[in-house]
Protein chains: 2
Amino acid sequence: MYGAIEAGGTKFVCAAVDEDMNIVDQITVATLEPKQTMKEVIEFFKKNPVKAIGIGAFGPIEISPNKENYGQILNTPKLAWRWFNMYKELSAALDIPIKIDTDVNAAALGEFKEGHAVGKRSVLYITIGTGVGAGFVLEGETLFGLTHPEMGHILIRQKEEDVFKGNCPTHNNCLEGLVSGPAIEARLGIKGHELGEDHVIWDHVADYIGQALMTYNLILSPEIILIGGGVAQQAHLFPKIRTAFKKHMNGYIDHEIIKGDLEEYIQYPKLGQKAGLVGSIYLAKGIALD
Amino acid sequence: MYGAIEAGGTKFVCAAVDEDMNIVDQITVATLEPKQTMKEVIEFFKKNPVKAIGIGAFGPIEISPNKENYGQILNTPKLAWRWFNMYKELSAALDIPIKIDTDVNAAALGEFKEGHAVGKRSVLYITIGTGVGAGFVLEGETLFGLTHPEMGHILIRQKEEDVFKGNCPTHNNCLEGLVSGPAIEARLGIKGHELGEDHVIWDHVADYIGQALMTYNLILSPEIILIGGGVAQQAHLFPKIRTAFKKHMNGYIDHEIIKGDLEEYIQYPKLGQKAGLVGSIYLAKGIALD
Ligand SMILES: Nc1ncnc2c1ncn2[C@@H]1O[C@H](COP(=O)(O)OP(=O)(O)O)[C@@H](O)[C@H]1O
Ligand SMILES: Nc1ncnc2c1ncn2[C@@H]1O[C@H](COP(=O)(O)OP(=O)(O)O)[C@@H](O)[C@H]1O
Ligand SMILES: [Zn+2]
Ligand SMILES: [Zn+2]
C-alpha cells in the first residue's frame with residue numbers, strides 16, 4: 001500500500017491505496033494545531049501500514065530534499081504551523097520514505113499521471129481559490145528551484161477601468177491580489193458565486209488570468225494548462241480567458257495549438273479536486289523502496 | 001573531437017575541440033543565404049571530423065527532437081532562412097549525431113557546465129541585445145515545451161512617465177519592446193552606448209528588467225540569473241536592476257539569497273560571449289556516440 005496526504009490550510013486528507021490505486025482507507029482531519037492534527041495523521045498510518053507517503057502541502061514549505069530543513073513549513077501566516085517540520089514529525093513516528101511537495105505540484109503530477117496530461121511532456125496546473133498558485137511537471141518531475149515557484153504573485157497589467165487597488169498584502173495588485181476569491185469579493189463585498197455572470201468584474205478577472213497564462217506560456221511553454229480552484233468553478237470564465245490569452249499573445253507563438261481554439265490547451269483538470277491526492281500517491285510511489 | 005556551431009543572425013561561428021576542450025580549429029562565416037553559409041560550415045566539418053555537433057541557433061526554431069521538422073527555422077523575419085532546416089541539411093552532408101537548441105539555452109548550458117552555475121541545480125541566462133531572450137537549464141537539461149521559451153516577450157508594467165510606446169512589432173511594449181538595444185535607441189534616436197549613465201531611460205530600463213527577473217524568479221526559481229548581450233554592457237544597470245527586483249518583490253520570497261545583496265544572484269555570465277559556444281560543445285558531448 002501507498003500513503004497520500006493532502007495537507008491543506010483547512011483540512012488534511014489522508015489516504016491509503018493498494019497497488020491497483022484502490023483507496024483502502026481514507027480520513028479527513030481538521031487543520032488545527034500541528035501536534036493535534038499530526039497525531040491523527042500518524043494514527044491513520046499506524047493503522048494502515050504503507051510503503052511510503054507522498055504529501056502535497058500548503059506553503060510556503062521547503063521542498064528541496066537536500067536541504068537540512070526539508071519539509072519545514074516556512075513563513076506562513078498560519079502562526080501555529082510556521083516553522084513546523086512535517087517531514088521530521090512524520091519520519092520520527094513512521095519509519096518509511098516520505099516525499100513532500102507543494103499541493104499544486106502534486107496536482108500537476110496527478111494530471112500528468114492520470115489526467116489530461118497523460119502522454120504529454122509537461123503540464124501546468126493552476127488553482128484560483130483563496131490564493132493563486134501553480135505547479136509544473138516536466139517529464140514526470142515537479143519543478144522547484146531556490147524555493148518552490150510562487151507563480152500566483154506575478155505582476156500583470158491592471159486595466160484602467162478596474163480601480164480596485166488589489167488585496168495582496170505584499171504586492172497589492174499582483175495576479176493573486178486581483179483574481180483570488182477574496183480579491184473578487186473585496187471589490188464590492190459580494191462573493192464570486194453571487195456575482196452575475198455578466199458582471200464586468202469577470203471581464204477584468206479573465207483578462208488578468210489570460211495575461212498570466214501568456215506569461216507562463218512564454219516562460220515554460222507547457223503542453224497543457226489546467227485550471228482548478230473555487231473561482232475557476234465559474235465556467236463562463238474559460239472562453240473569456242482563452243480570448244484574453246489570444247489577444248495579449250497576438251499570434252506571437254506560431255504553433256497550431258496556440259493558434260487553435262485553446263479548448264483543450266486551457267481547461268479544467270480531469271481529476272477535479274482529486275488531482276492533488278492522486279499526485280501525492282505518485283509522489284509516494286516514486287520514493288517507495290521495493 | 002566535438003563540433004560546435006553558434007548560429008547567429010549575423011554570423012555563424014564553427015569550432016572543433018579536442019577531448020580536453022581545446023579549440024583545434026575555428027571559423028566565422030557570415031549569415032548570408034542558407035546554402036552559401038551552410039556550404040562553408042559543411043566544409044569546415046569535413047576538414048575537421050568530429051564525433052557530433054551541437055548547435056545554439058537563433059530562432060524561432062523547432063528544437064523538440066521528436067518533431068518531424070526538428071531543426072527547422074520557423075517564422076523568422078530573416079526571409080532567406082524561414083523554413084530552412086539546418087538539421088536536415090547538416091545531417092545529409094555529415095553522418096554524425098547533431099543536436100540543435102536555442103542560442104540562449106546553449107549559453108545557459110555553457111554557464112551550467114563551466115561558468116557561474118557550476119554546482120548549481122539551475123540557471124537562467126538572459127541576453128539583452130538586438131532582441132531579448134532567455135534560456136534555462138535544470139539539472140543539465142535545457143528547457144523547451146510546445147515551443148522553445150520566448151521569455152523576452154512577457155508583458156511588464158510600463159512606468160507612466162515613460163511615454164515610449166514600445167517597438168515590438170507584435171506587442172509594442174512587452175519587455176523586448178522596451179529594453180532591447182533598438183527599443184532604447186528608438187526613444188531619442190540615440191544609441192544606448194551614447195546615452196549618459198545618468199539618463200532617466202536607464203532607470204526605466206532597469207525597472208522593467210527587474211520586473212522581468214521577478215517574474216522569472218516566481219515561475220522558475222532559478223539558482224542564479226546571468227545577463228549578457230550588448231545592452232547589459234552598461235554595467236551601471238546591474239545595481240539598478242537588483243534594486244528594482246527587490247522593490248517589486250517586496251520581500252515576498254523568504255530566502256537568504258533573494259533577501260541578500262543579489263550581487264552573485266544577478267550578474268554577468270562568467271564565460272561572457274563564449275557561453276553559447278561552450279554550451280554547444282556540451283550539446284555535442286551529450287549526443288555523441290562512444
Ligand atoms: N463557485 C464559485 N464562484 C466564485 N468563487 C468561488 C466559488 N466557489 C468558491 N469560490 C471562492 O474561492 C475561494 C475558495 O477557493 P477554494 O479553491 O474552494 O479553496 P482553497 O483555495 O482555500 O483551497 C473563496 O474565496 C470563494 O469565495
Ligand atoms: N555598450 C552598449 N551599451 C548599450 N547598448 C549597446 C551596447 N553595445 C551594444 N548595444 C546595443 O545592443 C544591440 C546589439 O546587441 P548584441 O548583444 O551585441 O548583439 P545581438 O543581440 O544582435 O546578438 C544593439 O541594439 C546595440 O545598440
Ligand atoms: Zn502578491
Ligand atoms: Zn513582444
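Mentor: Start with B:C174, which counts as buried because its relative accessibility is 0%. Buried means under 20% relative accessible area, exposed over 50%, partly exposed in between (1.4 Å probe, protein chains only). This is a predicted model: local features need pLDDT of at least 70, side-chain atom pairs count only at pLDDT 80 or more, and totals for chains, interfaces and linings use all residues. Residues are numbered from 1 along each chain as its sequence is written, chains are lettered from A and ligands numbered from 1 in the order in which they are written, and side-chain values use heavy atoms, with hydrogens and water left out.

Trainee: Why does B:H153 count as buried?

Mentor: B:H153 has 2% relative accessibility, so the buried label applies.

Trainee: What coordinates the zinc ion (ligand 4)?

Mentor: B:H153 (ND1), B:C168 (SG), B:H171 (ND1) and B:C174 (SG), at 2.1 to 2.4 Å. Donors are N, O and S atoms within 2.8 Å of the metal (3.2 Å for Na, K and Ca); water is not among the atoms, so sites may look incomplete.

Trainee: Why is the site of the zinc ion (ligand 4) called tetrahedral?

Mentor: Its 4 donor atoms make angles of 105 to 119°. Four donors count as tetrahedral if all angles lie between 85 and 135 degrees. So the site of the zinc ion (ligand 4) is tetrahedral. The ideal is 109.5 degrees for four tetrahedral donors.

Trainee: What makes B:T130 a polar contact of ligand 2?

Mentor: A polar side-chain atom of B:T130 lies 2.6 Å from an oxygen atom of ligand 2. A polar contact is a pair of N or O atoms within 3.5 Å; within protein, one must be able to donate a hydrogen and the other to accept it, and residues adjacent in sequence count only if both atoms are side-chain atoms. For B:Q234, a polar side-chain atom lies 2.7 Å from a nitrogen atom of ligand 2.

Definitions and conventions. Tetrahedral: all angles 85-135°; square planar, octahedral: opposite > 155°, others 65-115°.
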